[in-house]
Amino acid sequence: MKLEDPSHLRPAAPTDTSVALAARLRAHTPGEVLFDVASRGRYATDASIYQVMPVGVFVPTDDADVRSAIQIARELKVPVLPRGAGTSQCGQTVGASLVIDGSKHLRNVLALDVERRTARVQPGLVLDHLNARLKSHGLWYPVDVSTSAQATLGGMAGNNSCGSRSIAYGNMVHNVLGVQMRLADGAALSAGPVASLSGRAAATAQFVRALADTHRAEIEAHWPQVMRRVAGYNLDIWHPRSERPYTDDGSVNLAHLFIGAEGTLGFVESLDLRLSPLPRAKVLGVVNFSSFHRAMDSAQHIVRLKPTAVELVDRTMIELARANPAFKPVIESALIGAPEAILLVEFSGDDRTALRLQLRQLVELIGDLGLPDTVVEMPDEAPQKALWEVRKAGLNIMMSLKGDGKPVSFIEDCAVPLQHLAEYTAALTDVFARHGTRGTWYAHASVGTLHVRPILDMRQAGATGGAARMRAIADEASALVRKFKGAYSGEHGDGLCRGEWIQWQFGPKLNDAFRAIKHHLDPEHVFCPNRIVDPPKMDNSSLFRFAPGYRTIALTPVFDWSAWNVQNDPATETITAPGSGGDTTGGLAKAVEMCNNNGHCRKFDAGTMCPSYRVTRDEQHLTRGRANTLRLALSGQLGPEALTGNAVRDALDLCVGCKGCKRDCPTGVDMARMKFEVQAQRHARFGATLKDLLIGRLPDYAHWASRLPWLFNLRNHSRLLAWASERWIGLSAQRRLPVWRNGAVAPRAARWGGVTRDELLQAHAAGAKVAVLWSDTFNEHFEPDNTMAALRVLQAAGYAVHVAQGEHGRTPCCGRTHLAVGDTARARAKAQALLDALLPFAQRGIAIVGLEPSCLLTLRDEYLVMRLDDAAQTVAAHALLFAEFVVREAHAGRFAPAWQRVQHPIRVHGHCHQKAHGLMDGVLAALRLLPEADVSLIDSSCCGMAGSFGYDAAHHDASMRMAELSLLPAVRAAHNAIVVADGTSCRHQIADGAQHDARHMARVMADHLASAVTR
Ligand SMILES: Cc1cc2nc3c(=O)[nH]c(=O)nc-3n(C[C@H](O)[C@H](O)[C@H](O)COP(=O)(O)OP(=O)(O)OC[C@H]3O[C@@H](n4cnc5c(N)ncnc54)[C@H](O)[C@@H]3O)c2cc1C
Ligand code: SF4
Ligand code: SF4
């Protein structure tokens, strides 16, 4: 592994100042002080194209920590940069500063007044978490940004964020009643209605008012009169220019000066929010347009009906949704013919009859506009929700474009008055075409803010490179914005990519007024210097994450990443052949670079992504943090040999390989596979540890262990041995290890009616129902009852079943344990042996039925990139989990054994890989074949055991915390239920943590065979 040209990428070495800063922070605060290169690198980017290494990162535990940090940084003349989730698109949260991350600890609701509909919150609180808390009171905070699952209220205030429903509720600035600031000199400033101010706040109000009065004519001449203007400071609060008043009674609120300040005026310690009643009902009308222009032109008329949202989805996105089997029926239910664009028009409120009337009015209006019969009415909530999901997914697919050209956000949220929207979008589309690219349009038609990102390759230099095209497109777009009297910065803020346009928008005098505000509140420029005031040029390539000259190390990856090693054509989005992208790491770097830092992995839903972040709240233990660490390592920014070094090891340490990211990440970052690659590279460099040998080679000694179970199980009965296994091997003494059982099925299947290989092939040739049952190492040696149960169920349904056998009649292993410890040579050998055993069946179209999700799905996932021969594809195409096989056969009318009635509710915990492959519906459907079965899914994420992860002494705590997030409490609450868990380690975790005997679904089905009564 060698670096081609690392010099330009190396991070600045620690300076005396940064060393002193870290030392003083450690000495004077209990907060986390993260000054190592990898931690700084993880905070060097946000969802923008920029990257700037911070001096260090500080994670305060409370306001006192924040105060101390500001004081220490000021004394050492290090700038301070406040940060929430870091989802800004314009580079607001990157800078050579001390980054203060308020998202981990500063996240409480400090006060809630339901009657007055107000809340005081800390800045690190996530919007969805606030709204979850408000729901039971019939309230919500209505600035519904798309990043609501991860965006913090502090960050939303910093950016003056705006949601899809801003036409009804306004932006952040319209929904903040007060803000408590910590200023650069350490003083507190509590801003609220001007009439109520005193002290520092009153003096600031007086100062800013004088500025506003002096510049009144300039404000009137230059301030865009649209609601969606977020650039600069809100100097117009004294002479409002927003389409929507800042306050209900026309008074002035000084808090509004700090909204949209992007961290440049001080640290927000808390915010007073104005809450809204949660609407009880919603209706949706989907208007189909045969031309994009027509759709844009109609928005101005539709808003007169007072909808709560008007959102655009263009033809490209419609087609993307149609291409996805899951979304096809949903999007098609909203279409009439083949529209060029649709507008999703939502009305919400408490009176459903009134809403239906509004929907009718929409239909009439569209008819009057000459477009009769073009509205699909959706009065019910379920189809509405499904359609909103499609709109989100369309954006995700767009962002997952492979290759170095990426959709870049820099003019993605210009706002123009609605009467000009059609002309503006048409003209900008022409601009893109002239510059050899194109953009997909979507989002907020209601307020004239359409998102669009032309595809640019920022690594290319020169006149046709990304930076030059960005400048040229921005110049032309800004001319259009000026022509239509719009706002150049209409939603996502200024940051690095729009800072220079502030003077362009407001003129030099107002720009000086902004400078005066900054000087008044932060004369030493402690907070975020060179942002809003004196910003750098947007195309300063020294600030780019992927600057021209960006290099990656030379590496031969173990896995096949060639699908990512491609380039794209920005005008047509066609992708070159796999392997042709010029990646020096064979595609691994480009796969890692798919992470665009949007922060979606910070969400807290009980889905699968990302369990380690949910228990630690550390950027390091987040998919994004991991991807950034890998990117820095692969580009030499963490020094030589970094891919196999400690920073990458530590970042991946708590990754449980759940594949939640593969499923949930909008761009499909598959960290589980990346971890396998790193493990393989580490194994090649360092060899195996004793623990690796014990875990990796388990399938090799399993046969002997299950013959001598009393010996191999001794460790579970001896405290001394448990202690020794922790001390010398690293296996947690607090864990029982899986119990070896003597009763392997594969070599003795004939005793239970299993047929031989030849008998099966003959039966198949004769047209009989047949299946191959593959008893993986875990079910074979720890829980052979599961394999037996599956055998009985299949036999009861009339199948001739062959239990797959490898060498010496033993069960063949998939090699997953070898993969987990990086021993890919052995993994490949095992894989080849398994393929050899299964191929004759797969070639004849015979299903191979597996029980353990992680093992069976390895055949359909990792095998396809392990550089195995074509047999891997053939076998993968016929490898099915037990539930999949049952459902497939039942649908075909071939699976109908006689059952007994189910007497207990069945609660199902999905294995992460089942969820990642979208297989849970099949499990539920299979169990519902049982008569009167009350089957439901437990809303759980990773069980925390995850193969060998939870047995590791160093992981025990994290493992239990993951389990306690949702799974164990749900199991404890379901004490009279049959708990189904198809994963071996999931069952173990449930037994350990909730003392409940969870079962494989095959056993539950076998227990309910009618024939089971007489057994
Ligand atoms: C895919 C995607 C979709 C998006 N959709 C929307 C959308 O619908 N609407 C929208 O408006 N934006 C959207 N954004 C932009 C972004 O998500 C929002 O602006 C969000 O509100 C930022 O929240 P955050 O917690 O990530 O803030 P950060 O990015 O961490 O910070 C934002 C700003 O606030 C400042 N800040 C943070 N905390 C403090 C504090 N305590 N004191 C002072 N200043 C502070 C920071 O310095 C920075 O300038 C989107 C971004 C992405 C990637
Ligand atoms: S890993 Fe995926 S979800 Fe997380 S920030 Fe990167 S792109 Fe977004
Ligand atoms: S595999 Fe799971 S734990 Fe690892 S990064 Fe992805 S979501 Fe997180």
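Good morning. The structure is a predicted model, in which local features need pLDDT of at least 70 and side-chain atom pairs count only at pLDDT 80 or more, while totals for chains, interfaces and linings use all residues. Residues are numbered from 1 along each chain as its sequence is written, chains are lettered from A and ligands numbered from 1 in the order in which they are written, and side-chain values use heavy atoms, with hydrogens and water left out.

I begin with confidence. The chain has a mean pLDDT of 94, where pLDDT is the predictor's confidence in each residue, from 0 to 100. A value of 70 or more is reached by 98% of the residues. Over residues 1-10, however, pLDDT stays under 50. For that stretch the model has 26 contacts beyond four places in sequence, a contact meaning heavy atoms within 4.5 Å.

I turn to the helices, which are DSSP runs of H or I with at least four residues, numbered from the N terminus. Axes are lines fitted to C-alpha atoms over the stretch in contact, and angles run from 0 to 180 degrees between N-to-C directions.

At what angle do α22 and α25 pack? Helix α22, residues 623-634, and helix α25, residues 671-686, pack at about 40°, with axes 11 Å apart. That makes α22 oblique to α25; angles under 35 degrees count as roughly parallel, over 145 as roughly antiparallel, 65 to 115 as roughly perpendicular and the rest as oblique. Thr623, Arg626, Ala627 and Leu630 of α22 meet Met671, Met674 and Val678 of α25. By class, this contact of α22 with α25 has 5 nonpolar, 1 polar and 1 charged residues. Here Ala, Val, Leu, Ile, Met, Phe, Trp, Tyr, Cys and Pro count as nonpolar, Asp, Glu, Lys and Arg as charged, and the others, Gly among them, as polar.

Helix α23, residues 646-653, packs on α25 at about 140°, with axes 11 Å apart. The two helices α23 and α25 are therefore oblique to each other. From α23, Val648, Arg649, Leu652 and Asp653 meet Met671, Lys675, Val678 and Arg682 in α25. The contact of α23 with α25 divides into 4 nonpolar, no polar and 4 charged residues.

Between α22 and α23 the angle is about 165°, and the axes are 9 Å apart. These two, α22 and α23, are therefore roughly antiparallel to each other. Arg626, Thr629, Leu630 and Ala633 of α22 make the contact with Ala647, Val648, Ala651 and Leu652 of α23. By class, the contact of α22 with α23 has 6 nonpolar, 1 polar and 1 charged residues.

Finally, the ligands. Which residues are closest to ligand 3? They are Cys610, Arg626, Cys655, Cys658 and Cys661, among 14 residues that surround ligand 3, each with a heavy atom within 4 Å of it. The elements giving two or more residues to this shell are α21 (611-616), α22, α24 (660-664) and α25. By class, the shell around ligand 3 has 8 nonpolar, 4 polar and 2 charged residues.

Ligand 2 is surrounded by 13 residues, the closest being Cys595, Asn598, Gly599, Cys601 and Cys665. The shell around ligand 2 divides into 5 nonpolar, 7 polar and 1 charged.
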